[in-house]
Amino acid sequence: PDSFASFKKKFGEAMSGTSTTPMPSVMNQARFVNLDGKVEVKKVNSVKWVAADTGTTLNKGDLIQTGGDGVARITFPDGSIYTVKPDTLITVEENTKTPDRSTRVGVHITSGKVDLATSSFEGPNSAAEVSFENARASVKENSRVAVRSDPDKKQHEITVAQGSTQLQRGSERVQLVRFDRMSFPTG
């Protein structure tokens, strides 16, 4: 009972912002929130793949791979949610939070499909990104996009379901808004 009361007090202080104890670092890291089927992680400083679990935190350079029946939902400190679909390989490219509450989060899709949903950004210089092939999408706040990269068929695609994103490919920049879809071949 005493340990529960202590936990309850600390949790209440943390949620109300009156805590003098620093928040655990896990609050500032990307992590899995849902896992279905085969999902594996290869940490940046490791040579082997291990089964993912909801206690796994993710850092820049970590690889995530889903099997044919695998789906993983990853949340980042800014509230962005990346849903990694079956048969997908991604790399965590960015996962930083600055003192002004700005965040920079992003993944690179080597192959497969990722759905991304952003929330309202807290900091003025926040960004949620997804890169694939030779393109980078900077997704605006309160947006939803789906990105597919198929190196075998040499075809890549981004679809905006809500909000907007700016897609940069080489020196070309395109603003995409709700219901826009852009596809392009490899190269």
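Guide: Asn-34 lies in strand S1, which covers residues 30-36. Strands here are DSSP runs of E with at least two residues, helices are runs of H or I with at least four, and both are numbered from the N terminus. This is a predicted model, where local features need pLDDT of at least 70, side-chain atom pairs count only at pLDDT 80 or more, and totals for chains, interfaces and linings use all residues. Residues are numbered from 1 along each chain as its sequence is written, and side-chain values use heavy atoms, with hydrogens and water left out.

Now look at what Asn-34 touches. Leaving out residues up to four places away in sequence, its partners are Val-71, Ala-72 and Arg-73. A contact means heavy atoms within 4.5 Å. Thr-83 sits 49 residues from Asn-34 along the chain, yet their C-alpha atoms are 9.1 Å apart.

Next, Phe-32. Beyond four places in sequence, its contacts include Ala-72, Arg-73 and Ile-74. Val-39, Val-41, Leu-58 and Ile-64 are also among them. Phe-32 belongs to the largest nonpolar core, which has 33 residues. Such a core is a set of buried Ala, Val, Leu, Ile, Met, Phe, Trp, Tyr and Cys residues joined through side-chain atoms within 4.5 Å. Phe-32, Ile-64 and Ile-74 have the most contacts inside this core. Strand S9, residues 103-117, gives the most to the core, with 5 residues. In soluble globular proteins, nonpolar side chains tend to be buried together.

Asp-78 sits in the loop between strand S6 (71-75) and strand S7 (81-84). Asp-78 is buried but has no salt bridge. A salt bridge needs a side-chain nitrogen of Lys or Arg within 4 Å of a carboxyl oxygen of Asp or Glu. As for charge, Lys and Arg count as positive and Asp and Glu as negative, while His and the chain ends are not counted. How far away is the nearest side chain of opposite charge to Asp-78? That side chain is Lys-97, at 8.7 Å. What Asp-78 does touch, beyond four places in sequence, includes Thr-103, Val-105, Ser-119 and Phe-121.

Other charged residues do pair up. The whole structure has 8 salt bridges. One joins Glu-129 and Arg-104, at 3.5 Å from N to O. This pair links distant parts of the chain, with Glu-129 in strand S10 (residues 127-132) and Arg-104 in strand S9, 25 residues apart. Glu-129 counts as buried because its relative accessible area is 12%. Arg-104 has 36%, so it counts as partly exposed.

Glu-157 takes part in two bridges. With Arg-148, the closest N and O atoms are 3.5 Å apart. With Arg-181, they are 3.8 Å apart. The second pair links distant parts of the chain: Glu-157 is in strand S13 (residues 155-162) and Arg-181 is in strand S16 (residues 181-185), 24 residues apart. Glu-157 is buried, at 18% relative accessible area. Arg-148 is partly exposed at 28%, while Arg-181 is exposed at 57%.

Most residues other than glycine have a negative phi. Asp-87, not a glycine, has a positive phi of about 55°. It lies in the loop between S7 and strand S8 (89-97). Asp-87 counts as exposed because its relative accessibility is 53%. Arg-101 is not a glycine either, and its phi is about 75°. Its place is in the loop between S8 and S9.

Finally, step back to the whole chain. The secondary structure comes to 1 helix and 16 strands. Of the 187 residues, 37% are buried. Confidence is given by pLDDT, the predictor's score for each residue from 0 to 100. The chain averages 88, and 85% of the residues score at least 70. Residues 16-26 stay under 50, and the model has 6 contacts for them beyond four places in sequence.

Key. Buried < 20%, exposed > 50% of the residue type's maximum accessible area, 1.4 Å probe, protein only.
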